[in-house]
Amino acid sequence: MKNFTYKINLFFETLHQRLQQYKYWILCIVISLTVFFAAGMNKVIIDESIESYLREDDPVKMAYDKFRSFFGSDEYVYVVYQAKDKDIFSYNSLNTLKKVHDELINYRISMPLDEKSPLDHIKEVKSLINVKYMEAHDDTLYSRNFIGDHLPENPEQRDRLKAKALNHPDYPYLYLSQNAEYGGIIIRTDFNAETTEPQTTRPSLSEFDDDIEEMFSEEAVTSSLTMKDDTSLSSHKTTDIQEYPVFVASLHAIFDKPEYRQILEFYPVGNPVIMDFFATAVMADMSRLMGYVLLFIVFILFVLFRSFSAILWPVVIIVLTIIWTLGLIGWSGIPSSAMIQVIVFISFSVGIADSVHILSGYLFFRNQKFLHDDAINSVMKKSGLACFLTSLTTAVGLISLILVPLKPISNFGIFASVAVILAFVFSVTLLPLMLDIWAPVSKKTKVHKEHIILQTIKKFESVSILKPRLIILIFSITGSVLLYGLLQLKVDSNFVEVIKETLPLRKAYTIVDHHMAGTSNMEIMLAFHKEDALKDPDVLLCMQSVQEYIAKTYGTKIIKTISLVNVVKESFKALHDDHPEKYIIPSDARVLQQVLFLFGNANPADRRRLVSDDYSRARIGVNALNVSSSEALSIIDNIQNFIDATFFPLKNKYPDLNITLTGSMTIMAIMMDYVSWSQIKSFSLALGIISIILLLVFASWKAGAVSLIPNLFPILASFGLMGFLNIPLDADTLIIAPIIMGLAVDDTIHFMTHFRLEMNKCGDVATAAIYSIREAGQAITFTSIILSASFLVFLLSFHNGLSRFGIFSAIAIMVALISDLFLLPALCIAAKVDFNK
């Protein structure tokens, strides 16, 4: 092993001389590939949709796809509007609502038939103007628009209309708030549910025209649902993330018209709005934050090195790493998430770390009176292997994230590890050649002045050497306290709360949760695999029990449930002169079938969104307030258990009965359940591989064990503090452990590599530790200051998760520095580390 290590050190020592012979070829290759990868940067796709986090073979995604295949997209824009006169039933408010509604429906009237519009994704628009109201005359059921084309003409008519809406069992919280100050418009889309099967005709406006739709009877309505089974589901086209911004912009072009905004204030929410926000905000936020980081790094490099070349060359390394990494992501066509910001930042971090170690070592040897070429050869001999090992361990920490069954996180692990390797390659190949062009000091001048960082390190370098047991005791007590905090850490997430409170989108979600039916949705899909099962009163009574259980148990969180049960009870009541006591499910199967037949004739469109044509499948739509993933998981588990118990008596009649919970609320909760176990797996894998690498490199189990211990403290510090502060582990803070594990072990490897070389020289542990603190400590301190301060730039992000990631990563970096300067030398002394034994 010693001979192998010697050969590697010799390779890095002579690398600079060999590269000098081909410097012009290297320059041409680097420029050509940089141009190629720069062209791919524009192809980077940002996708923050909930389903984008799941792999294609994930059972959760498969259930969600099955739901969309039968009932269409559950992606909608829920537009809550506030009447500025505090009454959505005032003349001005109703008149404005009617104009907005008509414009949303009739947007194609002035367009050529063959011209496409972003609003073509709209499949249905529902508001108080056209939401269905059931009435019966002469034993015939009629479904009319609640307001329709003729607005109430006087205050008395408007008051009666308001009272009727507030007393309707299904309108409050969906289409109006309890105080009638807020109203709702539901815009259903076909995002991620467009069939890939070719269409023979272009969709027409008639699908929005309720009067035309009502002319067709139940028998005349056909649907592909009758022919579908679990093995013959239609495939759907995945929506391009760039379709969301243009769609939402087209909506805002309507809502933001001055004549509308004078009367109503609009607050759109829903997945298309979230996708628009991330598609436009992430790249802008990344450019802004990375600009700040770059300026800060330039400032710190100047303060530390007082040389413009020491600023320019690390920045070149960083820029090349970012261009190549983002270009590779773009050319691959693999969608990224908001964590692409972290990939860019890792390019900054590793590029700076490797560059600073080489620059700091170069200046250290120049201070020891080495000339330019000798200083480069010496620093490459001592730091080349260390930089390689640090890059390898950091890449291992990141690649361990492939164990997380969430695509954006596993993809992040792959591309972030690529960025780490690229930064290393550029640092050990291009940086020495760039120093030949312009070095931080004159190539011929011998430097004698010590850096202020090294002067400071010398003041406390003997503390760990003289009092190793005291240092170990202090760290042991601190570690025990932090371990207790770590045990309090919870896994939780909230897609809305990652957006900072000051942003308009967060305000919109708060208003919708406070005044209306909430911003989360869950779907309960019932598959009986038997024709006319949904015409069985026992089935509907079980569905009613589920809805009543949800309302009774989670009434403060789940505001509305909608299913075939609602329309059956409403229709039955309408057929009995609106007597309240008739708001029930008829117990006679023949009566129930007649009610369903009449409802199907009166309102076939709504019927098809609640039950399949053959009445073998149905859905229960659930509207809920925005809740955390842990709370959602508890709610889902309890609802599923109640459903299983309630429908168990029907198993004999319907042996193939299958009831599945899906929708955004369900997917989010299950995703976070994945996170908790994946965190353990990825961290264990990273720790295991890094341990093996350290043991192999140092050829000593004692040196390997001593090297590992200080690297546990940064993770204990960040996660322990998160536990004490009640900050949950989510999809963003999840990546702290493998990143910090990789970055923290970098400093340890640099120290232990120098320590090993000094031990080979003098054979004395204390002397070797002192020289290692001086030589490696300066570079370690440089990189730690730069990295920790750079991580804090994430505080300026719109993303709360990334802000927390920045804070606790910065804390971990500084804890890693303290551990390596104090605990690691103390452990070497106490354990009497000797690489020859």
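The exercises below, each with a worked solution, treat strand pairing, helix packing and a salt bridge in one predicted model.

Residues are numbered from 1 along each chain as its sequence is written. Because the model is predicted, local features need pLDDT of at least 70 and side-chain atom pairs count only at pLDDT 80 or more, while totals for chains, interfaces and linings use all residues, and side-chain values use heavy atoms, with hydrogens and water left out.

**Exercise 1.** Determine the strand order of the open four-stranded sheet, and explain why one side of E10 and of E12 has no neighbour.

Solution. Helices (H or I, at least four residues) and strands (E, at least two) are taken as DSSP runs, numbered from the N terminus, and two strands pair if DSSP finds at least two bridges between them. On that basis the order is E10-E11-E9-E12, and the pairing is antiparallel. Strands E10 (558–562) and E12 (658–662) stand at the edges with a single partner strand each, so one side of each is left without a neighbour in the sheet. Neighbouring strands of this sheet are turned by 15° against each other on average, direction ignored. Within the sheet, E9 (residues 520–527) and E11 (residues 617–624) run antiparallel and are joined by eight bridges, among them the one that pairs Leu-526 with Ala-618 of E11. Helix H18 (residues 537–554) packs on the sheet and touches E9, E10 and E11, its direction making about 170° with that of E10; contact here means heavy atoms within 4.5 Å.

**Exercise 2.** Classify the packing of helix H2 (residues 23–40) on helix H10 (residues 309–332) by angle, and state which hand the crossing has.

Solution. Axes are lines fitted to C-alpha atoms, for helices over the stretch in contact, and angles run from 0 to 180 degrees between N-to-C directions. The angle between H2 and H10 is about 50°, with the axes 7 Å apart. Angles under 35 degrees count as roughly parallel, over 145 as roughly antiparallel, 65 to 115 as roughly perpendicular and the rest as oblique; H2 and H10 are therefore oblique to each other. The crossing is left-handed, a term used if the near helix is turned anticlockwise from the far one by less than a right angle, with right-handed used if clockwise. The contact includes Phe-36 and Phe-37 of H2 as well as Trp-324 and Trp-331 of H10. Its residues divide into twelve nonpolar, four polar and no charged, where Ala, Val, Leu, Ile, Met, Phe, Trp, Tyr, Cys and Pro count as nonpolar, Asp, Glu, Lys and Arg as charged, and the others, Gly among them, as polar.

**Exercise 3.** Apply the classification to H12 with H25, and then to H18 with H19.

Solution. The axes of H12 (residues 372–399) and H25 (residues 736–762) come within 8 Å and cross at roughly 155°, and the two helices are therefore roughly antiparallel. Their crossing is right-handed, and the contact has ten nonpolar, nine polar and four charged residues. For H18 and H19 (residues 564–574), the angle is about 110° and the axes are 9 Å apart, so that pair is roughly perpendicular.

**Exercise 4.** Locate Lys-98 and Asp-102, and describe how their side chains meet.

Solution. Both residues lie in helix H4 (residues 91–105), four residues apart, which is about one turn of the helix. The structure holds 25 salt bridges.

Technical notes: Salt bridge = Lys/Arg side-chain N within 4 Å of Asp/Glu carboxyl O.
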